[in-house]
Amino acid sequence: MWGQGEVDTIVIGAGIQGSYTAHHLSRHSKTLLIDQFALPHARGSSHGQTRIIRKAYAKAYYTDMMMECFQLWKQLEAETNTELFRPTGLLVMGKEGNPSFQAMKSTLIDNNVPMTTLTSADISKRFPAVKLPKDVSALLDKTAGILYADRALKNVQVIHRLVVRYSEETGPAARAEHRSPIHTSSIDPTFSCTPAAILHRDLGPRG
């Protein structure tokens with residue numbers, strides 16, 4: 001068992017960002033993942049069945065990040081043999097003179113993201129119930145879709161057997177367990193923290 005101070009990294013908050021951070025850190029360091037509530041719960045932003053995922057952003061650096069994100073989700077699907085992503089496409093409509101809409105279109109083109117542009121007439125043909133002004137057009141991000149959020153959260157926590165436990169004895173920020181191999185650490189009941197804070201020690205390469 002680990003004694004006090006023998007973990008390299010403590011990740012506080014077991015939502016998707018905290019769990020994915022712990023998932024990667026645990027490959028190279030002793031990592032402790034803590035959540036203040038019993039899992040699963042609906043008290044954060046990671047609960048629920050689905051989330052939109054897309055490459056259509058007005059700011060290019062978001063689109064750049066999403067290139068890697070899509071690869072990482074695909075990798076997690078392969079590691080867990082679980083469907084996490086469902087392609088649906090994303091239709092974004094805006095006025096031709098709108099700077100953000102034009103920036104989004106340029107970002108997709110510059111990054112060679114599969115897309116289609118549609119005029120208001122094109123939209124009416126494909127969706128007869130939708131009538132738009134002539135100065136409104138649309139772009140279709142063909143790579144977009146939905147992530148199965150609750151399924152993704154569960155699988156990213158179990159891929160390295162990261163198990164978060166709630167303990168009535170030690171209070172809300174209670175006890176976490178990392179099983180690679182099995183290590184258990186109890187947190188001092190006086191320990192307090194801000195959710196999503198990350199405390200770390202040596203993160204250098206292991207020999």
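This is a predicted model: local features need pLDDT of at least 70, side-chain atom pairs count only at pLDDT 80 or more; totals for chains, interfaces and linings use all residues.
Me: Which exposed residues does H3 carry on the face turned away from its buried side?

Reply: On that face H3 carries Pro99 and Asp110, which count as exposed; the term stands for over 50% relative accessible area, buried for under 20%, and partly exposed for values in between, with a 1.4 Å probe and protein chains only. Residues are numbered from 1 along each chain as its sequence is written, and side-chain values use heavy atoms, with hydrogens and water left out.

Me: How do you know that the span of helix H3 agrees with what its residues should give?

Reply: The expected span is 1.5 Å times one less than the number of residues. For the 12 residues of H3 (residues 99–110) this should be 16 Å, and because the end C-alpha atoms are 16 Å apart, the two values agree.

Me: Which residues of H3 are buried, and what puts them on the same side?

Reply: The buried residues of H3 are Phe101, Met104, Lys105, Thr107 and Leu108. Around the axis they cover an arc of only 160 degrees, so they lie on the same side of H3; the arc is taken over the directions from the helix axis to the C-beta atoms. In general, an α-helix has 3.6 residues a turn, so residues three or four places apart point the same way.

Me: Against which elements do the buried residues of H3 pack?

Reply: They pack against helix H2 (60–80), strand E5 (90–95), strand E6 (115–118) and strand E7 (136–141), where contact means heavy atoms within 4.5 Å.

Me: What is found at the start of H3, and what follows H3?

Reply: At the start, a side-chain oxygen of Asn98 reaches to within 3.0 Å of the backbone nitrogen of Ser100. A polar contact is a pair of N or O atoms within 3.5 Å, in which, within protein, one must be able to donate a hydrogen and the other to accept it, residues adjacent in sequence counting only if both atoms are side-chain atoms. After H3 comes Asn112, whose phi is positive, near 55 degrees.

Me: What is the order of the open sheet of three strands that holds E5, E6 and E7, and which are its edge strands?

Reply: The order is E5-E7-E6, with antiparallel pairing. E5 and E6 are the edge strands, each pairing on one side only, and two strands are said to pair if DSSP finds at least two bridges between them. Six bridges join E5 to E7 and four join E6 to E7. Among the bridge partners in E7 are Leu140 for Leu91, Asp141 for Leu90 and Leu139 for Thr117.

Me: Why is E7 called largely enclosed?

Reply: Six of the six residues of E7 are buried, so the strand is largely enclosed by the rest of the structure. Both faces are covered, with Val136, Ala138 and Leu140 buried on one side and Ser137, Leu139 and Asp141 buried on the other.

Me: Why is Asp35 called buried, and what does its side chain reach?

Reply: Asp35 has a relative accessible area of 7%, so it falls within the buried class. This residue lies in the loop between strand E2 (31–34) and strand E3 (50–53), and its side chain reaches the backbone nitrogen of Ala14 at 2.8 Å.

Me: What makes Ile10 count as buried?

Reply: Its relative accessibility is 15%, and therefore Ile10 counts as buried. Ile10 belongs to strand E1 (residues 9–12), and its C-alpha atom is separated by 7.5 Å from that of Ile34, 24 residues apart along the chain.

Methods
Helices (H or I, at least four residues) and strands (E, at least two) are DSSP runs, numbered from the N terminus.
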